[in-house]
Amino acid sequence: MNTLEKTLEYHELLMIYSDTSKYNEDRLPGGFHYTFYKPGDEKEWTIIHMKSGEFMSMEEGLKIFSDFYSSFIDELPKRLFFVVNENGEKVGTATISLLKEKEYGYDAAVDWFAIIKDYQGYHLSKPMINKFIKLANELGHKKLLLHTQTHTWLAAKLYLDLGFEPFHIEEDIKGWQILKTITKHSKLSDINEIPESNMYFDIALKTKVKLDELFGNDYEYSIWHKNGRNDVEVNYNGNLYKYKYYNEHNNFWLEENTQNLKRK
């Protein structure tokens, strides 16, 4: 199963870390180092999330960056960090967000943890997770909130491995059941597994079949299906393609938007 699996049903998973003074001093592999955000890094932040499958276009990523960070933009040089490779390319990132209003009594959260796909086998995840726990502690946050989701199931497993705990499981029990079924994690021993056939989003499965026929297996995609939408966006070879999906009378098909745009 892919580390980012969008054919799974999407469910948010909430976790907590109760004592940020407890972390390991895991070092990055040789050739990699950390650097903090500087004004102008928005594009590189967006590229990381595009190359990890989160965003389909630069325009989308830059808008999300602006909207998400606007309330604590002045704090970013000490809260948003990158992993840089030996060629100076930023290949991973994470943020300790300062929450405008406390959530469940927490004033800080882990957000936007990502590593580009080409570097997901370089053993960067564990050092980065311990890095942001340590950073939270240095910033005065004794405990941390973390939002993750079933699509990033492997990251969710790593969080549990490294000391995060499930929180408010009852808010979306099916998401935790999916994670339990995939990972068999010991921290989820009280949660029942579900049949594998119940874990997947039918529209996503059908969409991926069609996209595989069109693009092979080297593309990224997003499906927008809430609030009456039926949109599919694809990033392929630097181009953004847009479709509408239709699922009627036991037939499923995609219709291409005639105004597909080349990503700049």
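A crossing of two helices is left-handed if the near helix is turned anticlockwise from the far one by less than a right angle, and right-handed if clockwise. The views below show a predicted model, in which local features need pLDDT of at least 70, side-chain atom pairs count only at pLDDT 80 or more, and totals for chains, interfaces and linings use all residues. Residues are numbered from 1 along each chain as its sequence is written, and side-chain values use heavy atoms, with hydrogens and water left out.

**View 1. Helix H1 crosses helix H2 in a right-handed manner.** Helices (H or I, at least four residues) and strands (E, at least two) are DSSP runs, numbered from the N terminus. H1 (residues 42–51) packs against H2 (residues 58–69) at about 115°, and their axes are 9 Å apart. Axes are lines fitted to C-alpha atoms, for helices over the stretch in contact, and angles run from 0 to 180 degrees between N-to-C directions. In contact (heavy atoms within 4.5 Å), H1 contributes residues including Trp 45, Ile 47 and Met 50, and H2 contributes residues including Leu 62, Phe 65 and Tyr 69.

**View 2. Seven strands form an open sheet with mixed pairing.** The strand order is E2-E3-E4-E5-E6-E1-E7, where two strands pair if DSSP finds at least two bridges between them. Strands E2 (33–36) and E7 (165–166) are the edges, each pairing on one side only. E1 (residues 12–17) and E6 (residues 144–149) run antiparallel and are joined by six bridges; Met 15 has Leu 146 in E6 as its bridge partner. Helix H6 (residues 173–183) packs on the sheet and touches E1 and E7, with its direction at about 80° to that of E1.

**View 3. Leu 124 belongs to the largest nonpolar core, which has 55 residues.** Such a core is a set of buried Ala, Val, Leu, Ile, Met, Phe, Trp, Tyr and Cys residues joined through side-chain atoms within 4.5 Å. Leu 124, Phe 132, Tyr 159 and Phe 164 touch the most other members. Beyond four places in sequence, the residues touched by Leu 124 include Leu 28, Phe 32, Val 83 and Ile 115.

**View 4. Tyr 119 lies in the loop between E5 and helix H4 (125–138).** Tyr 119 is buried, with a relative accessible area of 15%; buried means under 20%, exposed over 50%, and partly exposed in between (1.4 Å probe, protein chains only). Excluding neighbours within four places in sequence, Tyr 119 contacts Phe 32, Asn 85, Glu 89, Val 91 and Leu 124.
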